[in-house]
Amino acid sequence: MNLPIVSRVSTQSVDPADRIDFWEEHNRQALVGLTCSSYSREGLLATETNVELGDLRLAEIAGNEHVIERTPRTCRTLPKDSIFVTLLTAGSGVFFHEGGCVTLQTGDLILYDTRRPYLFGFPSPMRQLLVDIPREVFAAQCAPGEVSAPILLGRGSAAEGAQASALEAVLADWVTGQGGEDSVSTQATVLDLVRTLAAPRLGGSASPAMLSQLAVAKDYIARHLTDPGLSSGMVAEAIGVSARHLSRIFQPTGVSPSRYILEQRLGKARQVLADPSSRHLTIAEVAHCWGFASQAHFTRVFRSRFGRTPGETRPFNS
């Protein structure tokens with residue numbers, strides 16, 4: 001499904017002298033009031049896409065080195081009552097707040113309150129995914145406690161890292177319009193993942209619901225699809241559940257975990273075979289690349305799934 005894009009802007013075509021004013025005005029309207037400074041000789045080069053999903057809004061932001069700040073005065077004159085969840089997908093950052101500072105690297109996730117002053121600096125080209133969660137939604141569905149200081153997430157444990165990775169995958173699909181789930185389900189998955197990550201730090205219940213567990217399992221499968229040893233047992237162990245519970249997690253998909261893994265592998269292999277640029281790869285190489293133990297097994301399950309052989313799928317004759 002294609003979710004509604006609220007706005008998509010870039011400073012590229014704006015006169016360098018006007019880029020800061022343009023960026024501040026756009027964010028005041030689309031996201032949050034802030035001030036911005038650029039430390040690049042080229043001036044501020046930044047892009048932002050805002051997408052709506054029910055009660056939430058996502059911004060994908062990319063730019064060169066710059067600093068944004070939400071000062072005490074800005075918090076008073078341009079109030080914003082949300083919790084922001086920012087996942088840094090490229091570059092590094094330093095987040096200053098009333099109690100100190102937090103350094104971030106690619107893959108880190110930080111949660112903070114827009115009512116409190118902060119400065120977020122990026123010393124190199126960056127990209128981030130930002131979820132704007134209204135406070136009442138966060139309190140009702142994520143955690144009731146006050147976010148008195150920013151919370152760095154994703155590094156605490158392997159499970160926390162897997163949850164942050166799954167959240168990134170869901171958000172990336174969301175902002176590109178490639179998410180296959182309905183908007184209600186997608187919003188619930190995002191909020192559940194945020195709750196699972198943040199609640200232990202805020203005194204709430206951290207017990208993950210099946211939606212977030214399914215997202216974590218799917219993300220783990222996607223990242224290990226080429227591993228010939230990938231199995232439902234391996235997935236269950238990685239996300240910390242029993243094999244029986246993993247089967248329950250996958251019930252809404254209509255397929256078992258093992259079948260889901262097979263379907264994903266077959267789909268990826270089919271894409272490669274249908275791509276003219278893959279003509280240099282043999283069918284055996286494609287099968288091996290996507291975790292199939294033998295060409296014979298690959299050919300058999302491929303024909304059963306798609307009604308034609310891998311060779312017949314290629315857009316050229318060997």
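**Close-up views of aromatic pairs and salt bridges**

Phe 120 and Phe 122 are both buried. Please keep in mind that the model shown in these views is predicted.

**View 1. Phe 95 and Tyr 118 form one of the aromatic pairs in this structure.** Searching the whole structure turns up 10 aromatic pairs. In the pair shown here, the ring centres of Phe 95 and Tyr 118 are 5.3 Å apart and the planes meet at 15°, so the pair counts as stacked. Phe 95 belongs to strand S7 (residues 93-97) and Tyr 118 to strand S10, so their contact ties together parts that are 23 residues apart in sequence. Both Phe 95 and Tyr 118 are buried.

**View 2. Phe 120 and Phe 122 make a tilted pair.** Here the ring centres lie 4.6 Å apart and the planes are at 35°; because planes between the stacked cut-off of 30 degrees and the edge-to-face cut-off of 60 are classed as tilted, that is the label this pair receives. Widen the view and you will find a cluster in which ring pairs link Phe 84, Phe 95, Tyr 112, Tyr 118, Phe 120 and Phe 122.

**View 3. Asp 132 and Lys 80 join in a salt bridge.** The whole structure holds 15 salt bridges, and the one shown here has an N to O distance of 2.7 Å between the side chains of Asp 132 and Lys 80. Asp 132 sits in strand S11 (residues 126-134), while Lys 80 is in the loop between helix H2 (72-77) and strand S6 (82-90), so the pair ties together parts that are 52 residues apart in sequence. Asp 132 is buried, at a relative accessible area of 7%.

**View 4. Arg 116 meets both Asp 113 and Glu 146.** The N to O distance is 3.8 Å for the bridge between Arg 116 and Asp 113, and 3.7 Å for the one between Glu 146 and Arg 116. Glu 146 is found in the loop between helix H3 (135-141) and strand S12 (151-153), and Arg 116 in the loop between strand S9 (109-113) and strand S10 (118-122), so this second bridge ties together parts that are 30 residues apart in sequence.

**View 5. Salt bridges connect six side chains into a network: Asp 81, Asp 113, Arg 115, Arg 116, Arg 135 and Glu 146.** Among them are the three residues of the previous view, Asp 113, Arg 116 and Glu 146.

Conventions
Residues are numbered from 1 along each chain as its sequence is written. This is a predicted model: local features need pLDDT of at least 70, side-chain atom pairs count only at pLDDT 80 or more; totals for chains, interfaces and linings use all residues. Side-chain values use heavy atoms; hydrogens and water are left out. A salt bridge is a side-chain nitrogen of Lys or Arg within 4 Å of a carboxyl oxygen of Asp or Glu. Helices (H or I, at least four residues) and strands (E, at least two) are DSSP runs, numbered from the N terminus. Buried means under 20% relative accessible area, exposed over 50%, partly exposed in between (1.4 Å probe, protein chains only). Rings of Phe, Tyr and Trp (its six-membered ring) pair if their centres lie within 6.5 Å; planes under 30 degrees apart count as stacked, over 60 as edge-to-face and the rest as tilted.
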